[in-house]
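Reader: Hi! I'm new to this one, could you walk me through it?
Author: Happy to, let's have a look together.
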Amino acid sequence: MNRKISALLPLILATSLTVSATPARAEQPAAPAGQIDVPQLFATTCGWCHSDGGRAAGKGPQLMDTKRDDDFIRNRIKNGKSGAMPAFGATFDDAQIDEIIKYIRALKPDQG
């Protein structure tokens, strides 16, 4: 029995190393159809780069008072930016992306 395990060990280690060397995908699972809680979304997903719910720059730009038009923002959310932002086109449908854009347009300085 020990010989069998010893013989399989190199194969198990090689498989383990191959799996762990595979890069993680940036895409999130698709959101359910319908309304989304955009402030919560920013807190859990977007806030890693767009600080204070999009009100301040972080790794990504401040979104409050952006001069970018809705089409630019929609395209960036759907397709991302290589090396800077993951694509969320498979995560959110058009109506959900419109809700995200409305949130960005309504951002005001935090009153807290």
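Reader: Great. What should I know before I start?
Author: This is a predicted model, in which local features need pLDDT of at least 70, side-chain atom pairs count only at pLDDT 80 or more, and totals for chains, interfaces and linings use all residues. Residues are numbered from 1 along each chain as its sequence is written, and side-chain values use heavy atoms, with hydrogens and water left out.

Reader: What is the mean pLDDT of the protein?
Author: The mean is 79, and 68% of the residues reach 70 or more. pLDDT is the predictor's confidence in each residue, from 0 to 100.

Reader: Okay, salt bridges next. How many salt bridges does a search of the whole structure find?
Author: The search finds 5. A salt bridge here is a side-chain nitrogen of Lys or Arg within 4 Å of a carboxyl oxygen of Asp or Glu.

Reader: Which residue forms a salt bridge with Arg105?
Author: That is Asp70, with the closest N and O atoms 2.8 Å apart. The pair links distant parts of the chain, as Arg105 is in helix α4 (residues 94-106) and Asp70 in helix α3, 35 residues apart.

Reader: Is Arg105 buried, exposed or partly exposed, and what is its relative accessible area?
Author: Arg105 is partly exposed, with a relative accessible area of 36%. Buried means under 20% relative accessible area, exposed over 50%, and partly exposed in between (1.4 Å probe, protein chains only). Asp70 is partly exposed too, at 33%.

Reader: And where do Lys78 and Asp94 lie?
Author: Their side chains meet in a salt bridge, 2.7 Å from N to O. This pair also links distant parts of the chain: Lys78 is in helix α3 and Asp94 in helix α4, 16 residues apart. Lys78 is partly exposed at 28% relative accessible area, and Asp94 is partly exposed at 44%.

Reader: Is Cys46 buried or exposed?
Author: Cys46 is buried, with a relative accessible area of 18%. Cys49, at 24% relative accessibility, counts as partly exposed.

Reader: Now His50. Where is its place?
Author: His50 sits in strand β1. It is buried, since its relative accessible area is 11%.

Reader: Which residues does His50 touch?
Author: Not counting residues up to four places away in sequence, His50 touches Phe42, Ala56, Gly60, Pro61 and Leu63. The backbone oxygen of Pro61 lies 2.8 Å from a polar atom of the His50 side chain.

Reader: Last one: what is phi like at Asp52?
Author: Phi of Asp52 is near 50°, a positive value in a residue other than glycine. Asp52 lies in the loop between β1 (50-51) and β2 (56-57), and it is partly exposed at 38% relative accessible area.

Reader: And what about phi at Asp65?
Author: Asp65 has a positive phi of about 65° although it is not a glycine. This residue lies in the loop between β2 and α3 (70-79), and Asp65 is exposed, with a relative accessible area of 53%.

How values were computed:
Helices (H or I, at least four residues) and strands (E, at least two) are DSSP runs, numbered from the N terminus. A polar contact is a pair of N or O atoms within 3.5 Å; within protein, one must be able to donate a hydrogen and the other to accept it, and residues adjacent in sequence count only if both atoms are side-chain atoms. Contact means heavy atoms within 4.5 Å.
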